[in-house]
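Take each task on your own before you read its solution.

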Amino acid sequence: LVGIIEKHDPSIPLFLFYAPHVAHCPLQVPKEYYDRLSWMTDDEGECRIQTVESVHPIDPRHDGLKYKCRQQYHAMVMLMDEVVGNITSALKAKGMWENTLVVFSSDNGGPVELPESAANNWPLRGGKYSPFEGGIRAAAFVSGGFIPAKLRGTSNDGIIHIADWYATLAGLAGVDPTDQRAAAAGLPPIDSLDMWPFLSQATPSSPRSIIPVTETCLIHGNFKLITG
């Protein structure tokens with residue numbers, strides 16, 4: 001990604017999508033990052049149940065590293081943070097940051113089962129694979145020089161579905177998000193709403209009020225229905 005930015009002509013619009021798997025099972029990370037958190041104590045290695053040592057060594061270059069769930073996962077997040085920092089620095093060095101919108105979002109809550117990564121979504125209940133808030137309410141923020149100065153450091157209280165980023169970015173780019181081929185085939189329209197008026201505080205509330213989570217779970221405004 002940094003190479004793409006360095007070679008890019010800033011006068012041409014650029015869309016980049018980075019989907020890091022580093023903070024995800026299997027729990028693998030370069031030894032130099034693993035070692036930087038060696039001060040973490042009272043750790044355990046139950047995460048090896050899903051991250052099988054013989055198949056997914058912590059660092060294939062170094063045999064014998066002990067499985068330490070917290071140390072490994074924190075090291076993985078540290079690496080991801082460094083990569084995002086490198087991308088940000090490249091945009092600034094290229095003079096593109098002031099006209100850039102960064103969307104940073106998770107796709108689900110952390111998995112709370114110890115064999116996977118033993119995430120903590122407190123004060124929300126549940127985790128990944130669950131229809132409870134700990135499984136479906138994820139952290140997200142927007143950044144970049146494109147954000148008006150008065151809005152930086154503020155927060156919005158409203159519903160946004162991850163699918164809404166499509167219509168939002170299309171709207172900012174001046175592109176019609178309609179899937180014409182799907183429409184011609186008689187398929188339903190996309191379920192994506194432009195959130196920029198809400199995020200920019202041009203409107204006081206989110207245009208989305210309903211999210212069908214699963215066949216047995218529906219969110220409507222401030223209420224959630226779970227059956228079964």
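## Exercise 1: A tryptophan in a loop

Trp-39 is exposed, with a relative accessible area of 59%. Keep in mind that this model is predicted.

**Task.** Find where Trp-39 sits in the chain, and give the distance between the C-alpha atoms of Trp-39 and Gln-71.

**Solution.** 
- Step 1: Look between α2 and α3; the loop there holds Trp-39.
- Step 2: Compare 59% with the cut-off: exposed means over 50%, so Trp-39 qualifies.
- Step 3: Trp-39 and Gln-71 are 32 residues apart along the chain, and their C-alpha atoms are separated by 8.7 Å.

## Exercise 2: The overall plan

**Task.** Count the helices and strands in the chain, then write down their order.

**Solution.** 
- Step 1: The chain has 7 helices and 5 strands.
- Step 2: Starting at the N terminus, they follow the order α-α-α-β-α-β-α-α-α-β-β-β.
- Step 3: For the extent, a box of roughly 55 × 55 × 40 Å along the principal axes is filled by the C-alpha atoms.
- Step 4: Of the 228 residues in the chain, 28% are buried.
- Step 5: Now take the contacts with a separation of 6 or more: 65% of them join residues 24 or more positions apart.

## Exercise 3: Inside the largest nonpolar core

**Task.** Which residues touch the most other members of the largest nonpolar core, and which helix gives the most to this core?

**Solution.** 
- Step 1: This core has 15 residues, and Val-29 and Ile-58 touch the most other members.
- Step 2: At least two residues of the core come from each of α2 (31-35) and α3 (69-93).
- Step 3: The helix that gives the most is α3, with 4 residues.
- Step 4: Leave out residues up to four places away in sequence, and Val-29 touches Tyr-34, Ile-58, Asp-59, Gln-72, Ala-75, Met-76 and Leu-79.
- Step 5: There is another core apart from this one, with 7 residues, including Ile-147, Trp-165, Phe-198 and Leu-199.

## Exercise 4: The buried side of α5

**Task.** Name the buried residues of α5 and say which elements they pack against.

**Solution.** 
- Step 1: In α5, the buried residues are Asp-164, Trp-165, Ala-167, Thr-168 and Ala-170.
- Step 2: Recall a general rule: an α-helix has 3.6 residues a turn, so residues three or four places apart point the same way.
- Step 3: The partners of these buried residues are β1, β2 and α7.
- Step 4: Just after α5 comes Gly-174, with a positive phi of about 75 degrees.

## Exercise 5: Stacked or tilted?

**Task.** Find the aromatic pairs in the whole structure and classify the pair of Phe-104 and Phe-141 as stacked or edge-to-face.

**Solution.** 
- Step 1: The search gives 2 aromatic pairs.
- Step 2: For Phe-104 and Phe-141, the ring centres are 5.1 Å apart and the planes lie at 10 degrees, so this pair is stacked.
- Step 3: Phe-104 belongs to strand β1 (residues 102-105) and Phe-141 to strand β2 (residues 140-143), so the pair ties together parts that are 37 residues apart in sequence.
- Step 4: Phe-104 is partly exposed at 31% relative accessible area, and Phe-141 is partly exposed at 45%.
- Step 5: Phe-146 and Trp-196 form a tilted pair, with 5.4 Å from centre to centre and 45 degrees between the planes.
- Step 6: This pair links distant parts of the chain, 50 residues apart: Phe-146 is in the loop between β2 and α5 (164-173), and Trp-196 is in helix α7 (residues 196-199).
- Step 7: Phe-146 counts as partly exposed at 32%, whereas Trp-196 is buried at 16%.

How values were computed: Residues numbered from 1 in each chain as written. Predicted model: local features only at pLDDT ≥ 70, side-chain atom pairs only at ≥ 80, totals over all residues. Heavy atoms only, no water. Core = buried A, V, L, I, M, F, W, Y, C linked by side-chain atoms within 4.5 Å. Buried < 20%, exposed > 50% of the residue type's maximum accessible area, 1.4 Å probe, protein only. Contact = heavy atoms within 4.5 Å. Phe/Tyr/Trp six-rings, centres within 6.5 Å; stacked < 30°, edge-to-face > 60°.
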